[in-house]
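Subject: Structure for your review

Dear colleague,

Please find below the structure I promised to hand over, followed by an account of what was found in it. I would be glad if you could read the notes with the model open beside them.

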Amino acid sequence: MWPRKTAVNPEVILWPPKNQSSSSLCWYTAPTGAYEAQRVVMNQPYIEFSNGYGAGRITGGKDRGGWGDDAFNDMENHGLCPTQYCPNNQAGLDKKYRTDANAKIASENRIADGWWKLEPNNIEQVASLLL
């Protein structure tokens, strides 16, 4: 059951890794996994969210690459849908999951304002990502 504490150090909390499988959704998978982790760190219940739900909205249901900033904007404006309502990866891209009911559920799981967005050509911000 997730999250769980380690036997070696009960102060350390683990949650499952986010797996994009063989999809091209890394650009939406990483921010989704970060949001799942942030919720645990902030003592909120662990919920696994679908990377395919929002990516499908952006790509029109196609399994293709994209930009992390587009994912963050989508998560901020529309929210994330739990996997109990929409599966991960290619299966979640199907438009049959983009229902009004799932949109309402996703809207309850929007990321908060204040995500730091990189400015174009700002070498200091880019370098900070490499550290």
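How many salt bridges does the structure hold? The structure holds four, where a salt bridge is taken as a side-chain nitrogen of Lys or Arg within 4 Å of a carboxyl oxygen of Asp or Glu. Before the details, please note that this is a predicted model, in which local features need pLDDT of at least 70 and side-chain atom pairs count only at pLDDT 80 or more, while totals for chains, interfaces and linings use all residues. Residues are numbered from 1 along each chain as its sequence is written, and side-chain values use heavy atoms, with hydrogens and water left out.

**Salt bridges**

Glu48 and Lys18 meet through their side chains in a salt bridge, at 3.8 Å from N to O. Glu48 lies in the loop between helix H1 (26-41) and H2, and Lys18 in the loop between strand E2 (13-14) and H1, so the pair ties together parts that are 30 residues apart in sequence; helices (H or I, at least four residues) and strands (E, at least two) are DSSP runs, numbered from the N terminus. Glu48 is partly exposed, at a relative accessible area of 33%, where buried means under 20%, exposed over 50% and partly exposed in between (1.4 Å probe, protein chains only). Lys18 and Glu48 are also linked with Glu36 in a network of salt bridges.

The side chains of Glu108 and Lys104 form another salt bridge, at 3.2 Å from N to O, and here Glu108 is exposed, with a relative accessible area of 56%, as is Lys104, with 54%.

**Helices H2 and H3**

Helix H2 (residues 51-59) and helix H3 (residues 68-77) pack at an angle of about 110°, with their axes 10 Å apart; the axes are lines fitted to C-alpha atoms over the stretch in contact, and angles run from 0 to 180 degrees between N-to-C directions. H2 and H3 are therefore roughly perpendicular to each other, a term that covers 65 to 115 degrees. In their contact (heavy atoms within 4.5 Å), Gly54, Arg57 and Ile58 of H2 meet Asp70, Ala71 and Asp74 of H3.

Asp74 and Arg57 also meet in a salt bridge between their side chains, at 2.7 Å from N to O, and this pair links parts of the chain 17 residues apart. Asp74 is buried, with a relative accessible area of 6%, whereas Arg57, at 26%, counts as partly exposed.

Note on methods:
Angles under 35 degrees count as roughly parallel, over 145 as roughly antiparallel, 65 to 115 as roughly perpendicular and the rest as oblique.
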